Amino acid sequence: MNLPIRIVVLGAGDRGRTYASYAKMYPDRVKIVGVADINPVAAQAMAKDHNIPAEAIWGDWSEAVAARPDCDVMAITMPDALHLEPALQCLDLGYHLLLEKPMARTWEECERLAQKVREKKDCLVILGHVLRYTVYFKKMKELFDKKAIGDVVSIRHLEPVAYMHAAHSFCRGNWGNTDRATPMILQKCCHDFDQFVWWLDKKCTGVSSFGNTFHFNAAHRPEGAADRCIHCPAAIERACPYSAKKIYIERQDYRYPFVDKSDAAMEAMLREGPYGRCVYACDNNAVDHQIVNMQFEGGITVAHQMESYTYSGGRTTQVFGTKGEISGDGRTIKVYHFDTRTTELWDSVYEAGMPLSSGHGGGDYGLMDELVRQLTQGNPADYLNIFEMSLESHRIAFAAEASRKSKGALMLSE
């Protein structure tokens, strides 16, 4: 395939804008040639950024697909419920896909997509599992592959969502209610399950999981609290760590997903939008903490914890092997060797490679690099395997959610 790779973006939200921004930095590799979004402000903003002509701006994904634009890749970066149908239609038309995770809302839908991908096996479907393309996580994979600590016996892994992120995305935001989105363990942690599958190169054979909505519910709402932070009595609002006034007005921590980040837009949102609601008065049912225990082929065990009530959002990992131990905090890695009683230290910030200034520790642009590499240098015979590995992460996530709901372990096929 010739460069630049031509991409139409279906969904001009935060993820769509992030992937599209790669074209601004590397115009010789990627060109954004069309955009579809039901929000005309978002669509026009992307069109302006990438000089997209008016005839390649659509108000809905179905209009874009029906137009059969002259492009190589469709980037599907819409809400979770709008992943499956456009993916199926785009594959039928022979487009390659950059598909934001999760690939679908249910395991049955994942299987439908998998069947289509197996039929269209010459089409690349690359999931938004951006962590595997970071300098840090690639180093972890290297340590696994070269058996730096002998045979891996077990892994302990923490995904610290961070309290503000939990309040923003999984309480007030798009993923707060699983009836309109996906279970939190899928939406947030399919990244982590993808890492385990990638590191170990094995299938998961058993899962058990527990978790619930511990704090973000009406039972913990302070007496006298208003439905919106802007109307809340000052004494209550000032004492609340989840105050929307603090998060969006004073500290501006989570303005980045919005097209209009102005003070006026944020104040209007606090008065009328979903992100101005009291975290204890939303329609959320997403869990705010969950543990997942897994067994992989060969008897390897993995303990994964997803936790909202943390300050930091950096994942931490301990890997226990027959000849040593690996400890990582998302930036640095320590490898302790039992035989020599020595420790190796490694810091991703000082490593050459993808700049850490791009999102997810360099993973967002790393994913785009991989998309370009696969389409220009890759072997189409590998495309199906790339998708199947991503599918395995979703299988684990749906099994974990089924276990959580049934309060029992699930044994998966070997």
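1. A pocket here is an open set of grid points, on a 1 Å grid, with protein on both sides within 12 Å along at least five of seven lines. The model is predicted, and its second largest pocket holds about 210 Å³ of space.

2. The lining of that second largest pocket is made up of 14 residues. Those that lie nearest the centre are T178, P183, E401, R404 and K405. By class, the lining divides into seven nonpolar, four charged and three polar residues.

3. Which helix gives the most to this lining? Helix α14, residues 383-406, does, with five residues.

4. Helix α13 covers residues 363-377, 15 residues in total. From the first C-alpha to the last, α13 reaches 20 Å, close to the 21 Å expected at 1.5 Å a residue.

5. Is α13 mostly covered or mostly open to solvent? Mostly covered: eleven of its 15 residues are buried. The buried set includes the stretch G363, D364, Y365, G366, L367 and M368. Also buried are E370, L371, V372, Q374 and L375.

6. Nine strands form an open sheet with mixed pairing. Their order is β14-β13-β12-β11-β7-β10-β9-β8-β15. The edge strands, β14 (342-347) and β15 (410-411), each pair on one side only.

7. Within this sheet, strand β12 (residues 324-328) and strand β13 (residues 332-337) run antiparallel and are joined by five bridges. For G328, the bridge partner in β13 is I333.

Methods
Residues are numbered from 1 along each chain as its sequence is written. This is a predicted model: local features need pLDDT of at least 70, side-chain atom pairs count only at pLDDT 80 or more; totals for chains, interfaces and linings use all residues. Side-chain values use heavy atoms; hydrogens and water are left out. On a 1 Å grid over the protein atoms alone, a cavity is a set of points where a 1.4 Å probe fits but cannot get out, and a pocket is an open set with protein on both sides within 12 Å along at least five of seven lines; lining residues have an atom within 4 Å of a point. Grid points are joined across faces, edges and corners, and a volume is the space filled by probe spheres set on the points. Helices (H or I, at least four residues) and strands (E, at least two) are DSSP runs, numbered from the N terminus. Ala, Val, Leu, Ile, Met, Phe, Trp, Tyr, Cys and Pro count as nonpolar, Asp, Glu, Lys and Arg as charged, and the others, Gly among them, as polar. The expected span of a helix is 1.5 Å times one less than its number of residues. Buried means under 20% relative accessible area, exposed over 50%, partly exposed in between (1.4 Å probe, protein chains only). Two strands pair if DSSP finds at least two bridges between them.
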